[in-house]
Amino acid sequence: MSSEEQGYFTEDNSAEVVISRNADAKDARVAEVMGAITRHLHAAVKEIEPTQEEWFEAIQFLTKVGHASDDWRQEFILLSDSLGVSMLVDAINNRKPSGASESTVLGPFHVADAPELPMGSDICLDQKGEPMLVKGRIVGIDGAPISGAKIDVWQANDEGFYDVQQKGLQPDFNLRGVFRTGDDGTYHFKGVKPKCYPIPDDGPVGKLLETLGRHPFRPAHLHYILEADGFETLITHIFDPDDPYIHTDAVFGVKESLLAKFKRVEDPEDIAEAGFDGPFFEVVHDFVLAPTS
Ligand code: BEZ
Ligand code: FE
């Protein structure tokens with residue numbers, strides 16, 4: 001129906017009248033997206049029946065989200081994360097074939113130019129925290145090792161902060177590194193046992209979570225980006241299943257297949273073999289990459 005045929009705006013036909021105005025849109029995808037958003041937004045407003053004051057409060061909330069955002073802090077992404085929208089977009093865009101490792105959110109703390117390190121290196125540059133050895137294999141769906149896979153890892157320290165959140169306090173590139181697999185597809189590196197931490201919660205999103213009776217914590221995890229020729233890039237984490245927040249991640253990033261046991265190793269022979277001078281945590285996790293289609 002044309003915009004004129006829709007007639008004047010009423011409470012009943014509100015969404016249809018607005019959407020019909022887009023009939024001459026220059027970009028069909030934008031018109032499709034705005035059509036869906038308009039339909040669902042009007043339906044939500046009809047369900048909520050906000051007062052004028054409540055609607056203004058919603059506008060003020062979004063204004064604060066905008067004001068809290070800059071090149072370093074992206075409050076809209078935190079909003080998307082904490083509403084589960086980031087994970088939904090991730091799920092839609094990363095439907096993997098059976099057997100392939102699952103993806104999860106990238107998060108805001110990835111640094112593009114972390115140093116490439118020899119396999120086995122310790123990514124902890126300040127000797128703080130409980131030592132950890134992480135190892136595993138990068139394989140294809142057929143189980144064959146992937147040679148030359150790039151493994152980009154980063155993690156928070158034992159206080160739950162990334163180096164970029166504590167510039168001057170932590171060394172640059174602390175707890176980050178890039179590794180490349182050899183012919184056997186294996187990887188191993190040292191770090192420190194990660195801890196749960198809150199997503200940045202000193203802005204409007206943190207306030208919203210508090211109002212909703214929600215905590216801002218993410219369970220302890222390690223981040224990975226895995227890249228190899230002929231395979232889909234995998235952005236993912238591994239999580240500590242014993243973390244107190246494992247079932248209530250503030251950004252809904254946990255998947256069962258991404259749980260990895262953090263085993264405490266105390267045997268002196270194992271300690272010596274791993275090159276530590278005391279007990280350490282061992283994490284073994286393999287990743288299966290999906291082929292590019
Ligand atoms: C993270 O895991 O680094 C993260 C993800 C989403 C929001 C904040 C932090
Ligand atoms: Fe993280």
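Hi everyone. Before anything else, a definition: I'll call a residue near a molecule if one of its heavy atoms lies within 4 Å of it. And please keep in mind that this is a predicted model.

So, what is around ligand 1? The residues there are Leu78, Asp81, Gly107, Pro108, Phe109, Tyr162, Tyr197, Ile199, Arg218, His221, His223 and Val251.

Let's look at the polar contacts. In the side chain of Tyr197, an N or O atom is 2.6 Å from an oxygen atom of ligand 1. His221 has a polar side-chain atom 3.1 Å from a ligand oxygen, and for Tyr162 the corresponding distance is 3.5 Å. On its own, ligand 1 has 270 Å² of accessible area, and the protein covers 100% of it.

Where does ligand 1 sit? You'll find it in the largest cavity. Two elements give two or more residues to the shell: helix 5 (75-82) and strand 7 (221-227).

Now for the aromatic rings. There are nine aromatic pairs in the count. Take Phe109 and Tyr162, both from our list around the ligand. Their ring centres are 4.6 Å apart and their planes meet at 25°, so this pair is stacked.

Note on methods:
Residues numbered from 1 in each chain as written. Chains lettered and ligands numbered in written order. Predicted model: local features only at pLDDT ≥ 70, side-chain atom pairs only at ≥ 80, totals over all residues. Heavy atoms only, no water. Polar contact = N/O pair within 3.5 Å; in protein donor to acceptor, adjacent residues only side chain to side chain. Areas by Shrake-Rupley, 256 points an atom, 1.4 Å probe, with all protein chains shown as cover. 1 Å grid on protein atoms, 1.4 Å probe; cavity = no way out; pocket = protein on both sides within 12 Å on 5 of 7 lines; lining within 4 Å. Sits in = over half its atoms within 2 Å of the grid points. Helix = DSSP H or I, 4+ residues; strand = E, 2+ residues; numbered from the N terminus. Phe/Tyr/Trp six-rings, centres within 6.5 Å; stacked < 30°, edge-to-face > 60°.
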